[in-house]
Each structure stands twice: as structure tokens, then as C-alpha cells.
Amino acid sequence: MEYRQFGNHYVVRIDKGEEVLEKIEELCRKENIKLGSAVGLGAANRIIIGLFDTTTKEYKKTELTGPMEITSLVGNISTKNGETYLHFHINVCDTDMNVHGGHVNACYISATCEITVTRMEGMVEREMSEEIGLNLYKF
């Protein structure tokens with residue numbers, strides 16, 4: 001990963017073989033980013049995506065492998081117990097141009113991934129909602 005800062009914005013390149021969430025978390029630690037958002041695109045060869053079942057309060061995970069274009073990567077950055085908390089979703093297309101998407105559990109880059117991270121001033125913590133079954137923003 002390499003990046004350059006422009007005010008409250010970071011232009012990030014994630015390289016072949018690197019995992020997206022690990023690299024964004026590394027950036028957040030290095031630059032002390034506690035609150036923000038991110039958008040990106042690129043190419044991946046292995047992703048693990050999830051769908052949250054609101055009835056069972058469990059994630060169904062699916063692993064996809066092979067050449068994929070990341071057509072949309074969006075997410076937010078917050079904290080839980082003072083530590084970086086990332087929440088990202090992704091859409092990818094496979095070689096047949098079928099689109100798959102969901103909550104990002106892992107995304108391994110096959111060529112490159114270009115992400116813009118925007119830092120916001122302040123901090124928003126998350127807290128587990130027993131009713132919903134997710135870590136929600138705590139205001």
C-alpha cells in the first residue's frame with residue numbers, strides 16, 4: 001500500500017496480494033483516523049462477502065474466487081471500544097459480467113485497488129444492539 005494525503009483526504013493504492021480491510025485499518029492507525037468514509041474500485045481475485053439475516057441475526061458468508069472487477073467499494077470508518085471499526089460493502093463483476101455484492105469480510109487484490117479515504121473531525125463509537133444484532137452507531 002502507498003498513499004498520499006491532501007488535507008483531510010487520502011489517495012490510496014492497495015497492491016497485488018494485499019487485503020483491502022487490513023490496509024485501510026493500517027492507514028487509520030498510522031494517520032490516527034477515527035471517523036471517515038471511503039470509496040474505491042479495482043481488481044480482486046478472492047473476496048468473502050456477507051449478507052446479514054435480520055431474522056437469525058447472523059451473517060451468511062460467501063467466498064468468490066477468480067478474476068473480478070471491483071465496480072464499487074464503499075465504507076465508513078468509526079470506532080468500537082476506541083479501536084478502528086470498518087464497515088464496507090462491495091460490488092464486483094465476474095468474467096460473465098454477473099454482479100455480486102455484500103458486506104466485505106475480506107477482499108484480496110489481483111492487480112490494484114484505488115481508494116479515496118476522507119477523514120472527518122470527531123469520533124463516533126459503535127455499540128452492539130441486542131435487538132438488531134449489529135454494532136450500531138452510538139450517539
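The structure is a predicted model, in which local features need pLDDT of at least 70 and side-chain atom pairs count only at pLDDT 80 or more, while totals for chains, interfaces and linings use all residues. Residues are numbered from 1 along each chain as its sequence is written, and side-chain values use heavy atoms, with hydrogens and water left out.

K138 forms a salt bridge with E127, the closest N and O atoms being 3.7 Å apart. This pair links distant parts of the chain, since E127 belongs to strand 7 (residues 125–129) and K138 to strand 8 (residues 134–138), 11 residues apart. E127 is also partly exposed, at a relative accessible area of 44%. A salt bridge here requires a side-chain nitrogen of Lys or Arg within 4 Å of a carboxyl oxygen of Asp or Glu, and the count by this rule comes to 8.

Salt bridges that share partners also join E18, K23, E26 and K30 into one network. E26 and K30 form a salt bridge at 3.2 Å, N to O; they both lie in helix 1, 4 residues apart, about one turn of the helix. K30, with 54% relative accessibility, counts as exposed.

The overall architecture comes next. The protein has 1 helix and 8 strands, where helices (H or I, at least four residues) and strands (E, at least two) are DSSP runs numbered from the N terminus. From the N terminus on, the order of elements is β-β-α-β-β-β-β-β-β. The radius of gyration, taken over C-alpha atoms, is 15 Å, close to the 14 Å that the globule rule gives for 139 residues, so the protein is as compact as a globular protein of that length; the rule is 2.2 Å times the number of residues to the power 0.38. Along the principal axes, the C-alpha atoms fill a box of roughly 45 × 45 × 20 Å. Of the 139 residues, 40% count as buried. A contact means heavy atoms within 4.5 Å; among contacts between residues at least 6 apart in sequence, 62% join residues at least 24 apart.

Two strands pair if DSSP finds at least two bridges between them. Strand 3 and strand 4 pair in the antiparallel sense over 16 bridges, and the bridge partner of G40 in strand 4 is L73. Their hairpin has 4 residues between the strands. K57 lies in this loop and has a positive phi of about 60° although it is not a glycine. The residue is partly exposed, with a relative accessible area of 36%.

Strand 4 also pairs with strand 5 in the antiparallel sense, over 11 bridges; in strand 5, F88 is the bridge partner of G75. The hairpin of these two strands has 2 residues between them. N81 lies in the loop between strand 4 and strand 5 and, although it is not a glycine, has a positive phi of about 55°. At 64% relative accessibility, N81 counts as exposed.

The interior can now be considered. In soluble globular proteins, nonpolar side chains tend to be buried together. A nonpolar core is defined as a set of buried Ala, Val, Leu, Ile, Met, Phe, Trp, Tyr and Cys residues joined through side-chain atoms within 4.5 Å. Of the 29 residues in the largest such core, V20, I70, L73, C107, I115 and V117 touch the most other members. At least two residues of this core come from each of strand 2 (9–15), helix 1 (20–31), strand 3 (36–53), strand 4 (58–80), strand 5 (83–93) and strand 6 (99–119). Strand 6 supplies the largest share, 6 residues. Leaving aside neighbours within four places in sequence, V117 is in contact with N8, H9, Y10, V12, L27, I33, S37, A38 and I77.

E2 lies in strand 1 (residues 2–6) and, leaving aside neighbours within four places in sequence, is in contact with V11, V12 and R13. The C-alpha atoms of E2 and L27, 25 residues apart along the chain, are separated by 9.4 Å.

Note on methods:
Buried means under 20% relative accessible area, exposed over 50%, partly exposed in between (1.4 Å probe, protein chains only).
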